Amino acid sequence: MDKYVCDICGYVYDPAVGDPDSGIAPGTPFEEIPDDWCCPLCGVDKSNFSKA
């Protein structure tokens with residue numbers, strides 16, 4: 001599974017870790033995150049992430 005990085009703040013979404021604080025379980029690929037999910041650091045949407 002690929003990691004994705006926020007183009008704005010540099011936060012790295014690691015599917016092995018997920019984003020438990022936002023309800024995204026470990027093991028969730030970036031492509032399966034709901035479209036309304038936002039970067040936990042700066043709040044931008046998924047369209048501002050690029051494959052790391």
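Which residues do ring pairs link into a cluster? The points below answer this and describe the surroundings.

1. Basis of the note. The model is predicted, so local features need pLDDT of at least 70, side-chain atom pairs count only at pLDDT 80 or more, and totals for chains, interfaces and linings use all residues. Residues are numbered from 1 along each chain as its sequence is written, and side-chain values use heavy atoms, with hydrogens and water left out.

2. Aromatic cluster. Y4, Y11, Y13, F30, W37 and F49 are linked into a cluster by ring pairs. Rings of Phe, Tyr and Trp (its six-membered ring) pair if their centres lie within 6.5 Å; planes under 30 degrees apart count as stacked, over 60 as edge-to-face and the rest as tilted. Seven aromatic pairs are found in the whole structure. The pair of Y4 and F30 is stacked because the ring centres are 4.1 Å apart and the planes lie at 10°. This pair links distant parts of the chain, with Y4 in strand β1 and F30 in the loop between β2 and β3, 26 residues apart. Y13 and F30 form a tilted pair, at 5.9 Å centre to centre and 55° between the planes.

3. Charge over a ring. The charged end of K46 sits over the ring of F30, 5.0 Å from its centre; the criterion is NZ of Lys or CZ of Arg within 6 Å of the ring centre and within 35 degrees of the ring normal.

4. Sheet. Three strands form an open, antiparallel sheet in the order β2-β1-β3. The edge strands, β2 (12-13) and β3 (49-51), each pair on one side only. Strands are DSSP runs (E, at least two residues), numbered from the N terminus, and two of them pair if DSSP finds at least two bridges between them. Strand β1 (residues 4-6) pairs with β2 over two bridges, and Y13 in β2 is the bridge partner of Y4.

5. Buried means under 20% relative accessible area, exposed over 50%, and partly exposed in between (1.4 Å probe, protein chains only). Y13 counts as buried because its relative accessibility is 0%, and F30 counts as buried at 7%.

6. G18. This glycine lies in the loop between β2 and β3 and is buried, with a relative accessible area of 5%. Beyond its neighbours within four places in sequence, G18 is in contact (heavy atoms within 4.5 Å) with Y11, Y13, I24, A25 and P26.

Technical notes: Helix = DSSP H or I, 4+ residues; strand = E, 2+ residues; numbered from the N terminus.
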